[in-house]
Amino acid sequence: MVLQSETTVASSTAEAKKAFQRLKTQLHRQMVDAIDFSKAGELPENDLRIKLRGLAEHLCLQQEISLDQKNRDVMVREILDEIYGFGPLEPLMSDPDISDVLVNGADKVFIERNGVLEQTDISFADDEHLLQLIHRLVGRAGRRIDEVSPMVDAKLPDGSRLNAVIPPLALKGPTLSIRRFRTNALRFDDMVNMGSLAPDMAKFLEIAV
């Protein structure tokens, strides 16, 4: 009974997260429809961000589904991440310990941290939501991806390497991988902590260097 209860709670939590993502996608689309891009491009970026934040907050207040202040703040921040950042992947891309982000469908997001692969609880609303992010990131890299060219390798402005595959080549839905590169040099201590270098060898190499 305890196991069944825990499974039910986990399922309910996962569905609540997907519902949150679906609402965010809906609000994001409403914002895109409401923005006059011909005039938006004339504003300084900081002013545009302020206006977009105000619009996102207004749309949140208009929803039939009531959001408390905490969830409203999260919603607004994530909507801006959809416009300027990496969408649901933003917290992963802000973590310096994560070297790879692997997305194998809307609800299967993995990371590699210190050489260890682990699944996260991050998800997209659906495959269309993931596809929108892929199109935006690929466009940011000056490339395009479509049914004619369904696979892209590109370099993002921050130096990360992106690989994306979409249908019809991706039979089970869009996939995305982002390989990040350390801004700081890898030290012997880091390699020991990661288990890729024995402590005795690290000491020997430090003496040799």
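Biologist: In which sense do S5 and strand S6 pair, and over how many bridges?

Modeller: This is a predicted model, where local features need pLDDT of at least 70, side-chain atom pairs count only at pLDDT 80 or more, and totals for chains, interfaces and linings use all residues. Residues are numbered from 1 along each chain as its sequence is written, and side-chain values use heavy atoms, with hydrogens and water left out. Strands are DSSP runs of E, at least two residues, and helices are runs of H or I, at least four, numbered from the N terminus; two strands pair if DSSP finds at least two bridges between them. Strand S6 covers residues 175–179, and its pairing with S5 is antiparallel, over 5 bridges.

Biologist: Which residue stands opposite Thr175 in S6?

Modeller: Strands of a sheet pair through backbone hydrogen bonds. S5 spans residues 161–165. Opposite Thr175 stands Val165.

Biologist: Which strands stand at the edges of the sheet?

Modeller: The open sheet has 6 strands, in the order S3-S2-S1-S6-S5-S4. Each edge strand has a single partner, so one side of it is left without a neighbour in the sheet. The edges are S3 (116–119) and S4.

Biologist: Within what arc do the buried residues of H3 fall?

Modeller: Helix H3 covers residues 45–61. Its buried residues (under 20% relative accessible area, 1.4 Å probe, protein chains only) are Leu48, Leu52, Ala56, Leu59 and Cys60. They line one face of the helix, because the directions from the helix axis to their C-beta atoms fall within an arc of 110°.

Terms used:
The expected span of a helix is 1.5 Å times one less than its number of residues. Buried means under 20% relative accessible area, exposed over 50%, partly exposed in between (1.4 Å probe, protein chains only).
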